[in-house]
Structure formats: C-alpha cells, structure tokens
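This briefing is meant for a reader who is new to the structure shown below. Please keep the sequence and the model in view while reading the points that follow.

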Amino acid sequence: AGFNLWAGHGLSLPSTIAPDPDTRGWACARHPSWCPGDLAPTAMYPPGYQLYIALVYGITNKRSLEAVLFGQLLLLVTMVVVFEAVLAKHLARTGYFFAMGVFFTYPFIARHAAQIVNDQLHVSLMLFSLASLDLMAPGVSRGVLGGGLLSLATLARPHSIVCLPFVTAAMAVRKVGRPAKTELFALVLAMAIPFALWTARNWVTFG
C-alpha cells in the first residue's frame, strides 16, 4: 500500500490482497480513473504507516526494503536519544541507569525496530509526542508538535485514540508548564486535523 501511494495510485491495494467487492464498487463507481487494473482505493488500514513507507521511497526515489529498515533503525536511535533526555530531566542517577538498563534489554523494542511493521513507527511517535509535551517550553509550537505527533501515532495504530482525551486533560491541569488556552487549542486542533483529512478522504472516496 505504501508503494502504491508513492507510485501515484493513492491509498490503494490490489483486489487479490483486499477482496472487498462492495468497497471497490463504491469507490470505482464514483472515481473510475482511480481503479486502474486490479487496484482499488482502500481504507482497510489506517494511513499512517503507508504514508511513512511512501515518504521513505520518496526520499530514496526507489522501492527499497533496505531504506525502510534503515528508517526503522533511525527511529530506534532517535527513541534512545529522546528517552534519555526525559530520564535525565526527571530521575536521579540510580533511577536513570535502571530505566536505561531496562530500555536497552527490553526485547520488544529491538525486535520490532528490525521488522517492517507499524509497531516501531507507532511507539516512536507516541514517545516523541509525550516527550515534546514534557521537554519543550510552553507555547503554541509545543501544542502543535505534541498534538500532531500523537494524532499521527494514532493513524499508525488506532488503539492509541484513547490517549487523546487523557493527554489533553493532563496538559490542562498540569501544575508545571501549564499551557495557555491558545496552546491547548493548538494541541486539540493538531490532533484533529489528520483525522479530519482521513475522514474527508474516505467520504470523497467511498461516499
């Protein structure tokens, strides 16, 4: 699906992979030109990882599994840096080394960083979002970055949608670095825009 997006076919899959005649009928009846050959628009998967794969292919200008794996490992290295910054801010020496030790020996993290699945993208975006809300100075840019990253994480794996209201509420009542109303508005708006675009795309595509 990421390759099809990079190749200019939008969010689509072959019918052999996603056999859904009803969905194909809805989309192709409205937009015949969007259904070349066996391809048809799909909403079977949320678009986050497909967008990521298309971005990697766009940077390398070719379909490269090696580039995708390198991107996964780059996410992992960035996770280490960001996680370390959060620990350094909040923990004393003993807690810092304990938490870093757990991070480096926790098999789930390294295992999924080396697999072409959306787990690594999701957990990275979640960490980057929460870390930005914790580490950055109060302001609209913090709200935009934190909210936008959390929304993109949810579009990679939708179950984190339950985090959106809790993070917003936590930011609203926090005592240190409490955001102004403009930052809270920016946070909520940044969360909402990616979902609005995804919803609009599905409405146009499938009615």
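A residue is called buried when its relative accessible area is under 20%, exposed when it is over 50%, and partly exposed in between, with a 1.4 Å probe and protein chains only. Cys163, at 24% relative accessibility, therefore counts as partly exposed. This is a predicted model, in which local features need pLDDT of at least 70 and side-chain atom pairs count only at pLDDT 80 or more, while totals for chains, interfaces and linings use all residues. Residues are numbered from 1 along each chain as its sequence is written, and side-chain values use heavy atoms, with hydrogens and water left out.

**Overall layout**

- The protein chain holds 10 helices and two strands, where helices (H or I, at least four residues) and strands (E, at least two) are DSSP runs numbered from the N terminus.
- Following the sequence, these elements come in the pattern α-β-α-β-α-α-α-α-α-α-α-α.
- The C-alpha trace of the protein chain spans about 60 × 40 × 25 Å along its principal axes, and 43% of its 207 residues count as buried.
- Among contacts in the protein chain with a separation of 6 or more, 68% come from residues 24 or more positions apart, a contact meaning heavy atoms within 4.5 Å.

- The 26 residues of α10 should span 38 Å at 1.5 Å a residue, and the end C-alpha atoms of the helix are 37 Å apart, which agrees; the expected span is 1.5 Å times one less than the number of residues.
- Buried residues of α10 include Glu183, Ala186, Leu187, Ala190, Met191, Pro194 and Phe195, as well as Trp198, Arg201, Asn202, Thr205 and Phe206.
- The cover over these buried residues includes α2 (21-30), β2 (39-41), α7 (119-135), α8 (140-156) and α9.
- Thr182 is also found in helix α10, but at 52% relative accessibility Thr182 counts as exposed, and its C-alpha atom is separated by 18 Å from that of Leu164, a residue 18 positions away along the chain.
- Gly207, which follows α10, has a positive phi near 75°.

**How helices pack against α10**

- Two packed helices are described by the angle between their axes and the distance between the axes; here the axes are lines fitted to C-alpha atoms, for helices over the stretch in contact, and angles run from 0 to 180 degrees between N-to-C directions.
- Helix α9 (residues 163-173) packs against helix α10 (residues 181-206) at an angle of about 170°, with the axes 10 Å apart.
- The pair α9 and α10 is therefore roughly antiparallel, given that angles under 35 degrees count as roughly parallel, over 145 as roughly antiparallel, 65 to 115 as roughly perpendicular and the rest as oblique.
- On the α9 side, the contact is made by Leu164, Val167, Thr168, Met171 and Ala172, and on the α10 side by Glu183, Leu184, Leu187, Val188, Met191 and Phe195.
- Sorted by class, the contact of α9 with α10 has nine nonpolar, one polar and one charged residues, where Ala, Val, Leu, Ile, Met, Phe, Trp, Tyr, Cys and Pro count as nonpolar, Asp, Glu, Lys and Arg as charged, and the others, Gly among them, as polar.
- For α2 and α10, the packing angle is about 80° and the axes are 7 Å apart, so these two helices are roughly perpendicular to each other.
- Thr23, Trp26, Ala27 and Arg30 in α2 meet Val204, Thr205 and Phe206 in α10, and this contact has four nonpolar, two polar and one charged residues.

**The disulfide**

- A search of the whole structure finds one disulfide, meaning a pair of cysteine sulfur atoms within 2.5 Å.
- The disulfide joins Cys28 to Cys35, with an S to S distance of 2.0 Å, and the link is left-handed, with -100° about the S-S bond.
- Cys28 counts as buried at 17% relative accessibility, and Cys35 is buried with a relative accessible area of 13%.

**Other residues and elements to look at**

- Helix α7 is mostly covered, with 14 of its 17 residues buried.
- Gln72 lies in helix α4 (residues 65-90) and counts as buried at 0% relative accessibility.
- Leaving aside neighbours within four places in sequence, the contacts of Gln72 are Tyr49, Tyr52, His112, Ala113, Gln115, Ile116, Val117 and Gln120.
- Asn61 lies in the loop between α3 (48-60) and α4, and has a positive phi of about 60° although it is not a glycine; at 62% relative accessibility, Asn61 counts as exposed.
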